[in-house]
Amino acid sequence: MSELINIKYYNTLLYLFLGFFMMQFALRQFLQPIIPFTPAPANVLTSMGLIGTFSVAALSVIIPFLIYDSKVPLRILYLVVVTTALWGGVLLSYVYPTYYLTWPWVALSTLLWGLTIVAVILAATSLKPIELILLIPAILLQLSSLVNYILNLMTEYYLIPITIPSTALAYPTLLLVITGALTLTALALIGFKVSKWSITGYALTMVIAASITLPLYQLTVDNTFMQHIMDMVFAMGFGVLAPPVSVPLMSIMLGLYVFASLALIINGIFNNRRYLYLTALAVTYVSTALTPHALSIYFASVAASSLAVSYISRR
């Protein structure tokens, strides 16, 4: 009975983590870079930004509990490092605003970076073969982003002259983004089981994805000017570097990501809870892979979702 209560508690933590992470992504991570270029009323954008910021604060509370209850190797080390990184920076910002330039903080960030890579490897080795195959693009996206982070740290902080192949990686990254959208959609469809609620959920998911994709596609498919505009939005909001002519295709990929993420959640609610863990893994990997890992919350989110998958797979 106690084991059943524990897993229900852990599932609740994961629901909260996934919900707040998606809110911070939509209302903070995506919205912040494009606010200056958005013609919406300022008070609306401010309210949305505040919700996104509060979501980050909520994640900073939930993630330590999620890690502590994961019962995986090194969980105490993860708990100490992640909690220090998440809340230490907040406290230090009041007394020493440039704390992030000091060597102790750089050392802590480097340790968090290493632990995040270990967590990704733990998650990858815990996946079932078909899950691993279909999540390889998301895993490669996350690992390439983590490698770029340490290269940036070495060149900008330690002033080591290393050539960072960011531009050269633009097209391979774009290929991984496209492949990832297709494989995540396949993963969602594999987990589909026919039932009244599942069919209803999938229908609503398709409507939501189409309502995002179709306006963007119709706006850009025959309009070169809007392709250039939306290309900048994709670059600022999602971190996707792509030629303007590919924006209609990227609109379709965005719709597939939305559909796959929501469909995986539907699978997790009505079929198998494991799909919720896979959703958290995919969402955190993809949404943080295309933006610089400058914030501790990105490392912490990836580590938390990875350890959660590792924990649930070992049960």
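# Values set against cut-offs

User: Why is Tyr-149 called buried?

Analyst: Its relative accessible area is 14%. Buried means under 20% relative accessible area, exposed over 50%, and partly exposed in between (1.4 Å probe, protein chains only). The 14% of Tyr-149 is under 20%, so Tyr-149 is buried. This is a predicted model, where local features need pLDDT of at least 70, side-chain atom pairs count only at pLDDT 80 or more, and totals for chains, interfaces and linings use all residues. Residues are numbered from 1 along each chain as its sequence is written, and side-chain values use heavy atoms, with hydrogens and water left out.

User: How many aromatic pairs does the whole structure hold, and what makes Tyr-99 and Trp-105 an edge-to-face pair?

Analyst: A search finds 9 aromatic pairs. For Tyr-99 and Trp-105, the ring centres are 4.9 Å apart and the planes stand at 90°. Rings of Phe, Tyr and Trp (its six-membered ring) pair if their centres lie within 6.5 Å; planes under 30 degrees apart are stacked, over 60 edge-to-face, and the rest tilted. The centres are within 6.5 Å and the angle is over 60, so Tyr-99 and Trp-105 are an edge-to-face pair. Tyr-149 and Phe-299 form another edge-to-face pair, with 5.0 Å between centres and 80° between planes.

User: Why does the Tyr-149 and Phe-299 pair tie together parts that are apart in sequence?

Analyst: Tyr-149 sits in helix 6, whereas Phe-299 sits in helix 12 (residues 296-313), so the pair joins parts 150 residues apart in sequence. Helices here are DSSP runs (H or I, at least four residues; strands are E, at least two), numbered from the N terminus. Phe-299 has 2% relative accessibility and therefore counts as buried.

User: Where does Tyr-99 lie, and what does Tyr-99 touch?

Analyst: Tyr-99 is in the loop between helix 4 (75-95) and helix 5 (103-126). At 15% relative accessibility, Tyr-99 counts as buried. Contact means heavy atoms within 4.5 Å. Not counting residues up to four places away in sequence, Tyr-99 touches Gly-89, Leu-92, Ser-93 and Trp-105.

User: How do you know that Glu-131 and Arg-274 form a salt bridge?

Analyst: The N to O distance between their side chains is 2.8 Å. A salt bridge needs a side-chain nitrogen of Lys or Arg within 4 Å of a carboxyl oxygen of Asp or Glu. The 2.8 Å is within 4 Å, so the pair qualifies. The pair links distant parts of the chain: Glu-131 is in helix 6 (residues 129-156) and Arg-274 in helix 11 (residues 274-289), 143 residues apart. Both Glu-131 and Arg-274 are buried. The structure holds 1 salt bridge.

User: Why is Leu-92 called partly exposed, and which patch includes Leu-92?

Analyst: Leu-92 belongs to helix 4. Its relative accessibility is 34%, so Leu-92 counts as partly exposed. A nonpolar surface patch of about 920 Å² includes Leu-92, along with Trp-87 and Val-90 among others. Patch residues have over 30% relative accessible area and no salt bridge; like charges are joined within 9 Å, nonpolar side chains (Val, Leu, Ile, Met, Phe, Trp, Tyr) within 5 Å. Accessible areas come from the Shrake-Rupley method with a 1.4 Å probe, and for residues only the protein chains shown count as cover. Helix 4 gives the most to the patch, with 5 residues.

User: What makes a nonpolar core, and how many residues has the largest?

Analyst: A nonpolar core is a set of buried Ala, Val, Leu, Ile, Met, Phe, Trp, Tyr and Cys residues joined through side-chain atoms within 4.5 Å. The largest has 100 residues. Those with the most contacts inside it include Phe-17 and Ile-63. Phe-17 touches Ile-63, Leu-66 and Ala-280, among others.

User: Why does Ser-251 count as buried?

Analyst: Ser-251 has 0% relative accessibility, so it counts as buried. Ser-251 lies in helix 10 (residues 247-270). Leaving aside neighbours within four places in sequence, its contacts include Thr-213 and Phe-234.

User: Why is Tyr-311 called buried, and which ring cluster includes Tyr-311?

Analyst: At 9% relative accessible area, Tyr-311 is therefore buried. Tyr-311 lies in helix 12. Ring pairs link Tyr-10, Tyr-277 and Tyr-311 into a cluster. Contacts of Tyr-311 beyond four places in sequence include Tyr-10 and Lys-71. Lys-71 lies in the loop between helix 3 and helix 4 and has a positive phi near 55°.
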